[in-house]
Amino acid sequence: MCVRMIDTHAHLDGEEYAQDLAAVIARARQAGISKIFLPAINEALLPHLLTVAEAYPDYLYPMIGLHPEEVKANWQQELQRLHELLAADRQGACRYIAVGEIGLDYYWSREFEGEQLAAFEQQVAWAAEFHLPLMIHCRKAQNELVKVLHRYEADLVGGVFHCFTGNVHEAEELLSFQRFCLGIGGVLTFKSSHLREDLPAAVPLQRIVLETDSPYMAPVPHRGKRNESAYVVEVMHRLAEAYGVTDQEVAQQTTSNVQRLFPAAFR
């Protein structure tokens, strides 16, 4: 039986793929990747993201949002324009399958801490308004992020906590949001990662989706190279080993989870 998977987070619209995107897509298809989701990071790059997605219909699926590291002094104007684009899209093509990549990132700097919080909350409100799932980025800000989500929890259809690398307690706190899953990528395969022990202890497979975050964080044995969607196979293998199940079981369950979270990608 063919093992089919979904890469729920890949920046294939990035310049890293400008010269060989067709080959990257071909390798993904050959590896059994049936769909790839493209998170947005800002308004300026959104037209190109849509162009890339439209070149591979029913395979690449775009999101819309302002990444926390892209929150600058003009964040309010940018969010206004993005909201207008999203509202127009919901009246027409309905191309965007989620609000993302949004969130909080205080890892490098807290210069725009307040602005990030405000931008994140506004975009969470969009997800509630338009009944779209969220793709959430969080680094060194889980306490603040959870407080915002609790205010909107009843009105959210769900989403993904992207690139989860935390501990058991952090996993349990995030999964208290019942309609959300954890996005697991290449970090799982790193020798130093504790995820292979922590995830089976705290997280059922029904709450996990696969991702690469391409071009970043390529899994072993590709670590240090440009990541690409075909490499999600390595994540699937290591998850199967950690949970003591077959590759097929991981592929089927994670795909079922994606269908539940992102119904717009399966219409």
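Trainee: Which residues form one aromatic cluster?
Mentor: This is a predicted model: local features need pLDDT of at least 70, side-chain atom pairs count only at pLDDT 80 or more, and totals for chains, interfaces and linings use all residues. Residues are numbered from 1 along each chain as its sequence is written, and side-chain values use heavy atoms, with hydrogens and water left out. Rings of Phe, Tyr and Trp (its six-membered ring) pair if their centres lie within 6.5 Å; planes under 30 degrees apart count as stacked, over 60 as edge-to-face and the rest as tilted. One aromatic cluster is formed by Phe37, Tyr61 and Phe262.

Trainee: What kind of pair do the rings of Phe161 and Phe177 make?
Mentor: A search of the whole structure finds six aromatic pairs. For Phe161 and Phe177, the ring centres are 6.3 Å apart. Their planes stand at 55°, so the pair is tilted.

Trainee: Is Phe161 buried or exposed?
Mentor: Buried means under 20% relative accessible area, exposed over 50%, partly exposed in between (1.4 Å probe, protein chains only). Phe161 has a relative accessible area of 3%, so this residue is buried.

Trainee: Which are the edge strands?
Mentor: Strands (E, at least two residues) and helices (H or I, at least four) are DSSP runs, numbered from the N terminus. Two strands pair if DSSP finds at least two bridges between them. The open sheet has five strands in the order β4-β5-β6-β7-β8, with parallel pairing. Two of them pair on one side only: β4 (99-105) and β8 (208-210).

Trainee: Which residue in β5 does Asp105 stand opposite?
Mentor: Strand β5 covers residues 134-139. Five bridges join β4 to β5, and the two run parallel. Opposite Asp105 stands Arg139.

Trainee: How many disulfides does a search of the whole structure find?
Mentor: A disulfide is a pair of cysteine sulfur atoms within 2.5 Å. Take Cys138: the nearest cysteine sulfur, that of Cys163, is 11 Å away. Cys138 is in no disulfide. Across the whole structure, the number found is zero.

Trainee: How many residues has the largest nonpolar core?
Mentor: A nonpolar core is a set of buried Ala, Val, Leu, Ile, Met, Phe, Trp, Tyr and Cys residues joined through side-chain atoms within 4.5 Å. Among the residues with the most contacts inside the largest core are Leu12, Ile36 and Leu60. A second, separate core includes Val160 and Cys181 and has 14 residues. The largest core's count is 77.
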